[in-house]
Amino acid sequence: MTRKPKRRKPRRKRKLVEPTQPNDIPFSKYRIEWCDIISDSGWATDKEFHRMKLAFPVNEGWLFSKDKYHVKVFASYDKDVDTNEITFGDRTMIPLACVKKMVKLK
């Protein structure tokens, strides 16, 4: 006795949602790979201490500013439609000495 294979339901196409705000801010989007400190206040053996590694986080967002000391990025914003004033959220400031790679996104 052979069983009939089950019929799969067809996948629904996802509807694209129109953005509520236009993407017309004067900032470019970047992907930043950088090196960060790791610390631990617990007790460890010398073997565990030797295995301790730095963190290599990745941030993606709009580049707010960059100088010879640091990079400032933000991942969210709100633009007032009446005044065109922008407020920034999810802000990160990274020492430039910790930045390993910066790639401009399209």
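**Sheet and aromatic cluster**

Phe74 has a relative accessibility of 2% and therefore counts as buried (under 20% relative accessible area; exposed is over 50% and partly exposed lies in between, with a 1.4 Å probe and protein chains only). The model is predicted, so that local features need pLDDT of at least 70 and side-chain atom pairs count only at pLDDT 80 or more, while totals for chains, interfaces and linings use all residues. Residues are numbered from 1 along each chain as its sequence is written, and side-chain values use heavy atoms, without hydrogens and water.

An open sheet is built from 5 strands in the order β4-β3-β2-β1-β5, with antiparallel pairing. Strands are DSSP runs (E, at least two residues), numbered from the N terminus, and two of them pair if DSSP finds at least two bridges between them. At the edges lie β4 (86–95) and β5 (99–104), each of which pairs on one side only. Between β5 and β1 (residues 29–34), the antiparallel pairing runs over 5 bridges; Glu33 has Lys101 in β5 as its bridge partner.

The whole structure contains 8 aromatic pairs (ring centres of Phe, Tyr and Trp, the last by its six-membered ring, within 6.5 Å; planes under 30 degrees apart are stacked, over 60 edge-to-face, the rest tilted). Trp62 and Tyr77 pair edge-to-face, at 5.1 Å centre to centre and 90° between the planes. Because Trp62 belongs to β2 (residues 58–66) and Tyr77 to β3 (residues 70–79), this pair ties together parts 15 residues apart in sequence. Both Trp62 and Tyr77 are buried. Ring pairs join Phe27, Trp62, Phe64, Phe74, Tyr77 and Phe88 into a cluster.

Conventions: Helix = DSSP H or I, 4+ residues; strand = E, 2+ residues; numbered from the N terminus.
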